[in-house]
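Have the viewer open as you read.

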Amino acid sequence: MTLPAKYKFLIDYFSKNNPDAASELHFLNAYQLALAVVLSAQCTDKRVNMVTPALFAKYPTPYELAGASYEEVYEYIKSVSYPNNKTKHLLGLAQKLVADFNGTVPDNMEALTTLPGVGRKTANVILSVIFNQPAMAVDTHVFRVANRLGIVKEATTPLEVEKQLVQHFPEQALTRAHHWLILHGRYVCLARAPKCAECGIASVCEWVQA
(Lines give C-alpha, C1' and ligand atoms only; values in the text may rest on other atoms or scores of the structure.)
Protein backbone atom coordinates (compact mmCIF):
# COMPACT_ATOMS: atom_id res chain seq x y z
CA MET A 1 0.00 0.00 0.00
CA THR A 2 1.35 3.41 -0.90
CA LEU A 3 1.85 5.99 1.82
CA PRO A 4 -1.00 8.26 0.60
CA ALA A 5 -3.31 5.23 0.47
CA LYS A 6 -2.35 4.29 4.01
CA TYR A 7 -3.14 7.76 5.31
CA LYS A 8 -6.49 7.66 3.51
CA PHE A 9 -7.22 4.26 5.04
CA LEU A 10 -6.47 5.58 8.54
CA ILE A 11 -8.60 8.70 8.07
CA ASP A 12 -11.51 6.63 6.77
CA TYR A 13 -11.18 4.08 9.59
CA PHE A 14 -10.92 6.55 12.45
CA SER A 15 -13.55 8.90 10.99
CA LYS A 16 -15.97 5.98 11.13
CA ASN A 17 -14.87 4.39 14.40
CA ASN A 18 -13.84 7.40 16.49
CA PRO A 19 -15.35 10.49 14.83
CA ASP A 20 -15.50 12.56 18.01
CA ALA A 21 -11.97 11.91 19.28
CA ALA A 22 -10.92 14.60 21.75
CA SER A 23 -8.61 15.24 24.66
CA GLU A 24 -9.38 13.24 27.79
CA LEU A 25 -8.20 16.11 29.97
CA HIS A 26 -10.95 18.17 31.60
CA PHE A 27 -10.78 21.93 31.02
CA LEU A 28 -12.96 24.92 30.17
CA ASN A 29 -10.50 27.37 28.62
CA ALA A 30 -6.95 27.86 27.35
CA TYR A 31 -5.55 28.64 30.81
CA GLN A 32 -7.00 25.46 32.31
CA LEU A 33 -5.78 23.36 29.38
CA ALA A 34 -2.27 24.80 29.68
CA LEU A 35 -2.11 23.82 33.36
CA ALA A 36 -3.58 20.38 32.67
CA VAL A 37 -1.14 19.60 29.84
CA VAL A 38 1.83 20.69 31.94
CA LEU A 39 0.60 18.40 34.72
CA SER A 40 0.04 15.51 32.29
CA ALA A 41 3.71 15.12 31.37
CA GLN A 42 4.64 11.52 32.27
CA CYS A 43 1.37 11.24 34.15
CA THR A 44 -2.04 9.83 33.23
CA ASP A 45 -4.89 12.11 32.22
CA LYS A 46 -7.03 10.28 34.76
CA ARG A 47 -4.74 11.34 37.61
CA VAL A 48 -4.53 14.92 36.32
CA ASN A 49 -8.32 15.13 36.14
CA MET A 50 -8.46 14.13 39.81
CA VAL A 51 -6.41 17.11 40.96
CA THR A 52 -7.41 19.89 38.57
CA PRO A 53 -10.98 20.62 39.79
CA ALA A 54 -9.73 21.87 43.16
CA LEU A 55 -6.73 23.59 41.55
CA PHE A 56 -8.93 25.44 39.03
CA ALA A 57 -11.42 26.41 41.74
CA LYS A 58 -8.68 27.85 43.95
CA TYR A 59 -6.87 29.62 41.09
CA PRO A 60 -9.52 30.45 38.45
CA THR A 61 -7.22 32.80 36.50
CA PRO A 62 -3.44 33.26 36.13
CA TYR A 63 -3.65 36.24 38.47
CA GLU A 64 -4.60 34.15 41.50
CA LEU A 65 -2.05 31.45 40.67
CA ALA A 66 0.73 33.97 40.06
CA GLY A 67 0.35 35.22 43.62
CA ALA A 68 0.27 31.78 45.25
CA SER A 69 3.10 30.25 47.24
CA TYR A 70 5.01 27.14 46.24
CA GLU A 71 3.71 25.29 49.30
CA GLU A 72 0.08 26.15 48.51
CA VAL A 73 0.23 24.93 44.92
CA TYR A 74 2.24 21.83 45.80
CA GLU A 75 -0.53 20.65 48.13
CA TYR A 76 -2.99 20.61 45.23
CA ILE A 77 -0.82 18.64 42.82
CA LYS A 78 1.38 16.49 45.07
CA SER A 79 -0.23 13.26 43.80
CA VAL A 80 0.90 13.76 40.18
CA SER A 81 4.32 12.72 38.89
CA TYR A 82 7.22 15.12 39.51
CA PRO A 83 5.18 17.51 41.68
CA ASN A 84 8.18 19.63 42.68
CA ASN A 85 9.10 20.62 39.14
CA LYS A 86 5.49 20.94 38.06
CA THR A 87 4.71 23.28 40.95
CA LYS A 88 7.55 25.52 39.78
CA HIS A 89 6.29 25.32 36.19
CA LEU A 90 2.71 26.24 37.10
CA LEU A 91 3.80 29.22 39.18
CA GLY A 92 6.24 30.39 36.51
CA LEU A 93 3.67 29.93 33.76
CA ALA A 94 1.06 32.00 35.58
CA GLN A 95 3.56 34.73 36.45
CA LYS A 96 4.72 34.90 32.82
CA LEU A 97 1.13 35.11 31.55
CA VAL A 98 0.44 37.99 33.91
CA ALA A 99 3.72 39.82 33.27
CA ASP A 100 3.95 39.45 29.49
CA PHE A 101 0.55 38.48 28.08
CA ASN A 102 -2.07 40.35 30.14
CA GLY A 103 -3.17 37.07 31.70
CA THR A 104 -4.11 35.57 28.32
CA VAL A 105 -2.67 32.38 26.85
CA PRO A 106 -0.99 33.31 23.53
CA ASP A 107 -1.99 31.67 20.26
CA ASN A 108 1.36 31.08 18.57
CA MET A 109 4.23 28.64 19.02
CA GLU A 110 6.94 31.25 19.61
CA ALA A 111 5.12 32.90 22.49
CA LEU A 112 3.77 29.69 24.01
CA THR A 113 7.20 28.10 24.26
CA THR A 114 8.44 31.03 26.37
CA LEU A 115 6.13 29.83 29.14
CA PRO A 116 7.76 27.69 31.86
CA GLY A 117 6.89 24.02 31.42
CA VAL A 118 5.60 24.53 27.87
CA GLY A 119 7.63 22.78 25.20
CA ARG A 120 6.74 22.19 21.58
CA LYS A 121 4.42 19.26 22.33
CA THR A 122 2.41 21.18 24.93
CA ALA A 123 2.25 24.24 22.69
CA ASN A 124 0.93 22.14 19.81
CA VAL A 125 -1.80 20.70 22.04
CA ILE A 126 -2.93 24.21 23.00
CA LEU A 127 -2.76 25.46 19.39
CA SER A 128 -4.80 22.57 18.01
CA VAL A 129 -7.31 22.02 20.82
CA ILE A 130 -8.04 25.62 21.85
CA PHE A 131 -7.17 27.68 18.80
CA ASN A 132 -8.13 25.07 16.17
CA GLN A 133 -4.84 25.51 14.34
CA PRO A 134 -3.43 22.70 12.17
CA ALA A 135 -0.86 21.44 14.67
CA MET A 136 0.31 17.93 15.57
CA ALA A 137 1.50 17.31 19.11
CA VAL A 138 3.78 14.27 19.30
CA ASP A 139 3.84 12.49 22.64
CA THR A 140 5.12 8.97 23.31
CA HIS A 141 1.86 7.41 22.03
CA VAL A 142 1.86 9.33 18.74
CA PHE A 143 5.57 8.62 18.26
CA ARG A 144 5.12 4.89 18.85
CA VAL A 145 1.98 4.42 16.76
CA ALA A 146 3.25 6.46 13.80
CA ASN A 147 6.50 4.52 13.68
CA ARG A 148 4.86 1.11 14.11
CA LEU A 149 2.32 1.82 11.40
CA GLY A 150 5.08 2.99 9.10
CA ILE A 151 3.35 6.28 8.28
CA VAL A 152 6.62 8.07 9.10
CA LYS A 153 9.98 7.03 7.70
CA GLU A 154 13.29 7.10 9.58
CA ALA A 155 11.76 9.49 12.10
CA THR A 156 13.86 9.21 15.23
CA THR A 157 12.76 12.37 17.04
CA PRO A 158 9.35 13.81 17.93
CA LEU A 159 10.02 16.78 15.64
CA GLU A 160 10.70 14.51 12.66
CA VAL A 161 7.49 12.59 13.35
CA GLU A 162 5.56 15.85 13.67
CA LYS A 163 6.88 17.21 10.37
CA GLN A 164 5.99 14.06 8.45
CA LEU A 165 2.51 13.75 9.96
CA VAL A 166 1.79 17.41 9.21
CA GLN A 167 2.98 16.86 5.67
CA HIS A 168 0.76 13.84 5.00
CA PHE A 169 -2.43 14.37 6.99
CA PRO A 170 -4.82 16.88 5.36
CA GLU A 171 -4.87 20.13 7.31
CA GLN A 172 -8.51 19.73 8.29
CA ALA A 173 -7.80 16.29 9.76
CA LEU A 174 -4.70 17.13 11.81
CA THR A 175 -6.35 17.96 15.12
CA ARG A 176 -8.49 14.84 15.09
CA ALA A 177 -5.55 12.74 13.86
CA HIS A 178 -3.57 13.82 16.92
CA HIS A 179 -6.30 12.44 19.19
CA TRP A 180 -6.80 9.33 17.03
CA LEU A 181 -3.15 8.36 17.36
CA ILE A 182 -2.93 9.17 21.08
CA LEU A 183 -6.05 7.20 21.96
CA HIS A 184 -5.03 4.29 19.77
CA GLY A 185 -1.67 4.19 21.52
CA ARG A 186 -3.26 4.54 24.93
CA TYR A 187 -5.81 1.74 24.58
CA VAL A 188 -4.79 -0.57 21.70
CA CYS A 189 -1.21 -0.08 20.49
CA LEU A 190 0.30 -0.36 23.95
CA ALA A 191 4.04 -0.03 24.43
CA ARG A 192 4.70 -3.44 25.97
CA ALA A 193 1.74 -5.63 25.00
CA PRO A 194 -0.04 -4.16 21.99
CA LYS A 195 -3.50 -5.62 21.32
CA CYS A 196 -2.78 -6.47 17.68
CA ALA A 197 -5.46 -9.18 17.53
CA GLU A 198 -8.20 -6.63 18.19
CA CYS A 199 -6.67 -3.73 16.25
CA GLY A 200 -8.80 -2.45 13.39
CA ILE A 201 -5.80 -1.07 11.50
CA ALA A 202 -3.45 -4.05 11.87
CA SER A 203 -3.84 -4.80 8.16
CA VAL A 204 -1.83 -1.69 7.30
CA CYS A 205 0.66 -1.89 10.19
CA GLU A 206 4.28 -2.54 9.26
CA TRP A 207 5.11 -3.63 12.81
CA VAL A 208 2.49 -6.41 12.72
CA GLN A 209 3.61 -7.57 9.31
CA ALA A 210 7.33 -7.49 10.07
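## Second largest pocket

By class, four nonpolar, five polar and three charged residues make up the lining of the second largest pocket. Here Ala, Val, Leu, Ile, Met, Phe, Trp, Tyr, Cys and Pro count as nonpolar, Asp, Glu, Lys and Arg as charged, and the others, Gly among them, as polar. Among the lining residues are Val-37, Tyr-82, His-89 and Arg-120. At least two residues each come from α2, α6 (83–101) and α8; helices are DSSP runs (H or I, at least four residues), numbered from the N terminus.

This pocket holds about 150 Å³ of space. A pocket is an open set of points on a 1 Å grid over the protein atoms alone, where a 1.4 Å probe fits, with protein on both sides within 12 Å along at least five of seven lines; lining residues have an atom within 4 Å of a point.

## Basis of the model

This is a predicted model: local features need pLDDT of at least 70, side-chain atom pairs count only at pLDDT 80 or more, and totals for chains, interfaces and linings use all residues. Residues are numbered from 1 along each chain as its sequence is written, and side-chain values use heavy atoms, with hydrogens and water left out.

## Largest pocket

About 510 Å³ of space lies in the largest pocket. It has 24 lining residues, and Ser-40, Asp-45, Asp-139, His-141 and Arg-186 are the closest to its centre. α11 gives the most to this lining, six residues.

## Cysteines

There are zero disulfides (cysteine sulfur pairs within 2.5 Å). For Cys-189, the nearest cysteine sulfur is that of Cys-205, 6.2 Å away. Cys-189 is buried (under 20% relative accessible area) at 12%.

Conventions
Grid points are joined across faces, edges and corners, and a volume is the space filled by probe spheres set on the points. Buried means under 20% relative accessible area, exposed over 50%, partly exposed in between (1.4 Å probe, protein chains only).
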